[in-house]
Amino acid sequence: MSVHIPSTNQGRTINFPQRQRALINGFCRVTKYRPCRVCKKPDWCGYTADEQTSICMRISNGSKGTSRNGGNIFHHNRLFLVGNPGIVRNQVLPPIEIAPIEVRNAVYQELIRLSPAVKYYSQLIDGPNGLLSRGLRESDAQNYGALPRTHKERAGLAHTLSKFLKVRIPEYVGRSTHAAIIGVPGFCQDELGNLQLWSRDYNMPLLVIPYRDTQGRIQACQLRLHRNDFRPGEKKYRWLACPFPFRGASSSTPIHFTFKPADLPQVKTVIITEGALKAETLVSLRPKARVIATSGVSCSHAEIVEAARSYNALIAFDADYKTNPAVARQLARLIATREQDIAAHHLETTTRIVTWQRYKGIDDALLANSTLEIMTILQWYSALGDRVLAEVKRVWDVANYRPWISLVKK
Ligand SMILES: [Zn+2]
């Protein structure tokens, strides 16, 4: 059988039935015509366009490391090359558009309802690193979901949620050519139409942490991997978004609100921290706290500044900045951006920094009844160690932010 694939100026003929390869970030997905060289399966795995590297989602034995999406990296030598790499033209498919917030919220709510964290009580709730040990209340636990550890179980969940979406929001489903649910970050679909939710097999179920918007709707979710499921240096928290080489929407890096700003009269104080789970733990330990969280100290500064603009802010980032200049730089950048935004908007809102001793996160410090100290920006700056202080000063100089001058003027 012969397939004719038109290219820019000439036709090319290949001698076996082969679909056009979908190239995402330089990676192709395996198909039944070009299965994975490692596990021999026709789905979930990927390979580089030059056929030199495979990313197998199933087999880790003998791999050279883990890819960003959690797949296992295998390098092949040239003798391993088969097929007709020179004659297949790569086709770059357009990115999948992210589903509207109403669709994402409905699907993620249903995901948490169908697969709640409490289903894995001993692993995710009352175990050594469970939600209760962090300081969350039993009643908070129902706000979290869990992804089953096997990709087979998750495929079943993806299928059920796709059917749910068709019934719940038929007008959205009717619009798309692919399975509509893949517009919801975390869901993907292979060439054969099989749906999946996240990737590969794990040793333990994964905690699903919702990131809620100003109206309490779930915009995106993060996953927390069990410590047996990531290697040193790898990230414990990942955005639930379809990893390459599969097709799916990106989650971006939204911020999380523990409250609805419309309900909170202006000129009250909000706490800014990193990580939705930490933010919720803070509220659990201090129920009057109103918290906004970024997914990390370097992420979403503009969104945080805008969200906290009308409030006094208590910045409570992890204590790593005390020893790590790179982290301090990000924190200094956020402070300068916020202060310059306040000046530009002629606001009177204040910015203070919360510090504590010994513990990394404010939730750990609170849980241990450690004393929290609230500092002005200059007090915080003066208390920094030399190396970190030099870094902060450098960032502020570049940003043309000079808190010591505004202090003199007042
Ligand atoms: Zn494979």
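The expected span of a helix is 1.5 Å times one less than its number of residues. This is a predicted model, in which local features need pLDDT of at least 70 and side-chain atom pairs count only at pLDDT 80 or more, while totals for chains, interfaces and linings use all residues. Residues are numbered from 1 along each chain as its sequence is written, and side-chain values use heavy atoms, with hydrogens and water left out.

Select residues 101–114, helix α1 (helices are DSSP runs of H or I, at least four residues, and strands are runs of E, at least two, numbered from the N terminus). The end C-alpha atoms of α1 are 20 Å apart, which agrees with the 20 Å that its 14 residues should span at 1.5 Å a residue. Of these 14 residues, 10 are buried (under 20% relative accessible area, with exposed over 50% and partly exposed in between; 1.4 Å probe, protein chains only). Among them are Ile-101, Val-107, Tyr-108 and Leu-111.

Now display the whole open sheet, whose four strands follow the order β8-β11-β12-β13 with antiparallel pairing (two strands pair if DSSP finds at least two bridges between them). Three bridges join β8 to β11 (residues 206–212), and Leu-147 stands opposite Leu-206.

Finally, select Thr-48 in strand β5 (residues 46–48). Thr-48 is buried, at 14% relative accessible area. Cys-28 lies 20 residues away in sequence, yet its C-alpha is 6.0 Å from that of Thr-48.

Key. Contact means heavy atoms within 4.5 Å. Axes are lines fitted to C-alpha atoms, for helices over the stretch in contact, and angles run from 0 to 180 degrees between N-to-C directions.
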